[in-house]
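Keep the sequence and the model in view while you read.

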Amino acid sequence: MTYDGRRARGDATRRRAARCAADIATTHGLDSISVGGLASATGLSKSGILTVFGTREAIQVAAVAEARRVYVDTVIAPVWGAAPGRDRLAALLDAWVDYQRAGVFPGGCFVAATSAEYGHRDGPVAAAVRALKREWLELLEGELRAAGVADPAEGAFRIDAYLVAANTRRQLFGDDTALATARRLALAVVGSG
């Protein structure tokens, strides 16, 4: 097998640009991503970015995919060994709070930051944002179902609302206490179900 350095460089460019685009999306929105801005932020060339992505829309979709990868690696995968239901939900909430406190993304939770921006749109970027949000809600519903909550969809709605509100307060006011409040209220959904 022959090693293709161009492919390796292209993969590295793709990863670096997608991660930077995801960071930008949390502070300025997915719509603010431009090839020139991304080139300036990463030190990559515009032509190199366009070679691996082709279009601005492809960069935006890649940003969502990268944010999903980071979210899975940071919030979901570490807790998968916990018992399904209340234990795993508590671990997910702890991991989400840690993800926020660690400043994994400069603008807080990627899902919260991009959901409202693309809520009223169609197209590949909106579809990727919706799929990411849907996947999170379905994960919450599954854990609530395993915990015996009577209405897992409503419970997931409430938990998501608490987390989005905490993200907003933290971003607007630097209020870290909102994270603990959201975690407590979210975990209480299991007790009230």
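The model is predicted.

**Nonpolar core**
- The largest nonpolar core has 63 residues.
- Leu30, Val75, Trp96, Tyr99, Phe110 and Ile159 have the most contacts inside this core.
- Leu30 touches Phe110, which is also on that list of residues with the most contacts.
- Beyond four places in sequence, Leu30 also touches Ala25, Arg56, Gln60, Ala63, Val64, Thr114, Glu117, Tyr118, Val125 and Val129.

**Helices α1 and α3**
- Two packed helices are described by the angle between their axes and the distance between the axes.
- Helix α1 spans residues 5-28, and helix α3 spans residues 46-53.
- Their axes come within 9 Å and cross at roughly 100°.
- Angles of 65 to 115 degrees count as roughly perpendicular, so α1 and α3 are roughly perpendicular to each other.
- On the α1 side, Gly10, Thr13, Arg14, Ala17 and Ala18 make the contact.
- On the α3 side, the contact residues are Gly48, Val52 and Phe53.
- By class, this contact has four nonpolar, three polar and one charged residues.

**Helix α7**
- Helix α7 covers residues 124-146, 23 residues in total.
- From first C-alpha to last, α7 reaches 33 Å, close to the 33 Å expected at 1.5 Å a residue.
- Buried positions in α7 include Val125, Val129, Leu132, Trp136, Leu139 and Leu140.
- Lys133 and Glu143 of α7 are buried too.
- An α-helix has 3.6 residues a turn, so residues three or four places apart point the same way.
- Val125 and Val129, both buried in α7, are among the residues that Leu30 touches.
- Gly148 follows α7 and has a positive phi, near 85°.

**Leu93 in helix α5**
- Leu93 is found in helix α5, residues 86-101.
- Leu93 counts as buried because its relative accessibility is 2%, and the cut-off is under 20%.
- Outside its sequence neighbours up to four places away, Leu93 touches Ile159, Leu163, Arg183, Ala186 and Leu187.
- Ile159 is also one of the residues with the most contacts in the largest nonpolar core.
- Ser45 is 48 residues from Leu93 along the chain, and their C-alpha atoms are separated by 39 Å.

**Glu66 in helix α4**
- Glu66 sits in helix α4, residues 56-76.
- Is Glu66 buried or exposed? At 11% relative accessibility, Glu66 counts as buried.
- Leaving aside neighbours within four places in sequence, Glu66 is in contact with Ala18 and Arg19.
- Ala18 also takes part in the contact of α1 with α3.

Notes
Residues numbered from 1 in each chain as written. Predicted model: local features only at pLDDT ≥ 70, side-chain atom pairs only at ≥ 80, totals over all residues. Heavy atoms only, no water. Helix = DSSP H or I, 4+ residues; strand = E, 2+ residues; numbered from the N terminus. Expected span 1.5 Å × (residues − 1). Buried < 20%, exposed > 50% of the residue type's maximum accessible area, 1.4 Å probe, protein only. Core = buried A, V, L, I, M, F, W, Y, C linked by side-chain atoms within 4.5 Å. Contact = heavy atoms within 4.5 Å. Axes fitted to C-alpha atoms, helices over the stretch in contact; angles between N-to-C directions. Parallel < 35°, antiparallel > 145°, perpendicular 65-115°, else oblique. Nonpolar A, V, L, I, M, F, W, Y, C, P; charged D, E, K, R; others polar.
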